[in-house]
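Hello,

Here is the structure I promised to pass on to you. Have a look at it first, and then read my notes below.

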Amino acid sequence: MKADVVLGLQWGDEGKGKVVDVLTPGYDTIARFQGGPNAGHTLEFNNEKYILRSIPSGIFQGNKINIIGNGVVLDPALFKAEAEALAKSGHDLTKRLFISKKAHLILPTHRILDAAYEAAKGDAKVGTTGKGIGPAYTDKTSRNGLRVGDILSGFDSKYRTAKAKHEKILSDMKFGYDITELEKEWLEGVEYLKKFNLIDSEILVNDLINNNKSILCEGAQGTMLDIDFGSYPFVTSSNTICAGACTGLGIAPNKIGEVYGIFKAYCTRVGSGPFPTELFDEVGDSLCEIGHEFGSVTGRKRRCGWIDMVALKYSVMINGVTSLIMMKADVMNHLDIIKAGVAYEIDGEIIENFPYELDEHVKPVYKEFKGWNCDINDIRNYDDFPAEFKEYVEFIEKETGVPVKIISVGPDRDETIMR
């Protein structure tokens, strides 16, 4: 049995939570492989809305095993709040959620450092969520991090040492802060974590694969935010691409099966960073309003624009995508004309490959389509879509060389078409 992967192909916020929830009935296990509580996966069903930050999106479907892998960074305080909220709604996680002892912890001082570093950048801010993700991954790669397994042995000494290092940096930066309440909630979260199954998750994952159990690996953020292949430096701090499932769960590359790539029918981006197809007009405003484009974790308004096929094809290539999943096409129901960026113009030269750097010199070259200009929310069969919509879908398939297997026309589980 091979492990399948589902991930975002744009700048995050593609709708991964809903897709994982929809796909979960076909799998024995759902495993999150990177990111932290900066990710917000929104799920809607039975007239209820849930936002997951660190917990895998398969937690609602039956008695499936859910795993937080070693590639994730975990904030105990935020995890406790998330898990307790789910428990109140009738979803007890203690027997179904397994957490890697090798996952790194986000400390209270990581969150303060995050704010200090952003403040120091002035106009060059990256636009982080302020959750301490970057500083936690920095400590991981510099071999100064604390891991979930550390809470089981020698924790107090390790925590004091790490905290002291951070306080020295903050003192040198002359950054004022009060850690009292943050630390209190964090230490309560550490105790709460001990209620869960803290395991060597790479052993469990490979045992499941070897025993023909099906696994869906869930990514956070999107490919264009990958630390290596995204629009650097305006990226996240982890590998959001398919290869991140290997390092973030301990799965060998030859054990990867299907790769589901999720994209919106248009594009969004939250925070700072280049966005060649961004719209600054009433069309962009309407996509934001109709699509409810506000961050599920931060509440920040997302920037909206046309689909960027240069970036999408690059993402398909990097990830080895085998099936595409289109989200939020219904948000464009009202448009007479729809555009797709098919190339970039840089200093008078037309290029179709994703460049080393995106900057103000990059101008999109567009292809226009006639909009379907009708409500597609109630459609449940691909054959019933208007011809204009099918033309748009089939254009994307031709450009990427990958079939669009799933189409979402609304936030609910039921508003999903399988092809």
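**Salt bridges**

By the rule used here (a side-chain nitrogen of Lys or Arg within 4 Å of a carboxyl oxygen of Asp or Glu), the count comes to 19 salt bridges. Please keep in mind that this is a predicted model, in which local features need pLDDT of at least 70 and side-chain atom pairs count only at pLDDT 80 or more, while totals for chains, interfaces and linings use all residues. Residues are numbered from 1 along each chain as its sequence is written, and side-chain values use heavy atoms, with hydrogens and water left out.

Let me start with two pairs that sit within helices. Helices are DSSP runs of H or I with at least four residues, strands are runs of E with at least two, and both are numbered from the N terminus. Lys80 and Glu84 form a salt bridge whose closest N and O atoms are 3.2 Å apart. Both residues belong to helix α2 (residues 76-88), where they are four residues apart, about one turn of the helix. In helix α6 (residues 180-193), Glu188 and Lys184 are also four residues apart, so about one helical turn separates them. Their side chains meet in a salt bridge at 3.0 Å, N to O. Why does this spacing matter? An α-helix has 3.6 residues a turn, so residues three or four places apart point the same way.

How open are these residues? Buried means under 20% relative accessible area, exposed means over 50%, and partly exposed is in between (1.4 Å probe, protein chains only). Lys80 is partly exposed at 21%, and Glu84 is partly exposed at 31%. Glu188, at 36%, counts as partly exposed, and so does Lys184, at 46%.

Another pair is Arg419 and Glu397, with the closest N and O atoms 2.9 Å apart. Arg419 lies in the segment after β20 and Glu397 in helix α11 (residues 387-400), so this pair ties together parts that are 22 residues apart in sequence. Arg419 is partly exposed at 40%, whereas Glu397 is buried at 16%. There is also a network of salt bridges that links Asp13, Lys264, Glu293, Arg302 and Lys328.

**Buried parts**

Helix α1 (residues 16-23) is largely enclosed by the rest of the structure, because seven of its eight residues are buried. Among them are Val19, Val20 and Leu23. Thr109, found in helix α3 (residues 108-121), is buried at 0% relative accessibility. Which distance separates Thr109 and His166 in space? They are 6.2 Å apart, C-alpha to C-alpha, although 57 residues apart in sequence.

**A pocket**

A pocket is an open set of points on a 1 Å grid over the protein atoms alone, where a 1.4 Å probe fits, with protein on both sides within 12 Å along at least five of seven lines; lining residues have an atom within 4 Å of a point. The second largest pocket has a volume of about 250 Å³, which is the space filled by probe spheres set on the points, joined across faces, edges and corners. Of its 15 lining residues, the closest to the centre are Tyr137, Lys140, Ser237, Ser238 and Asn239. Helix α4 (133-141) and helix α8 (243-249) each give two or more residues to the lining, and α4 gives the most, with five.

Happy exploring!
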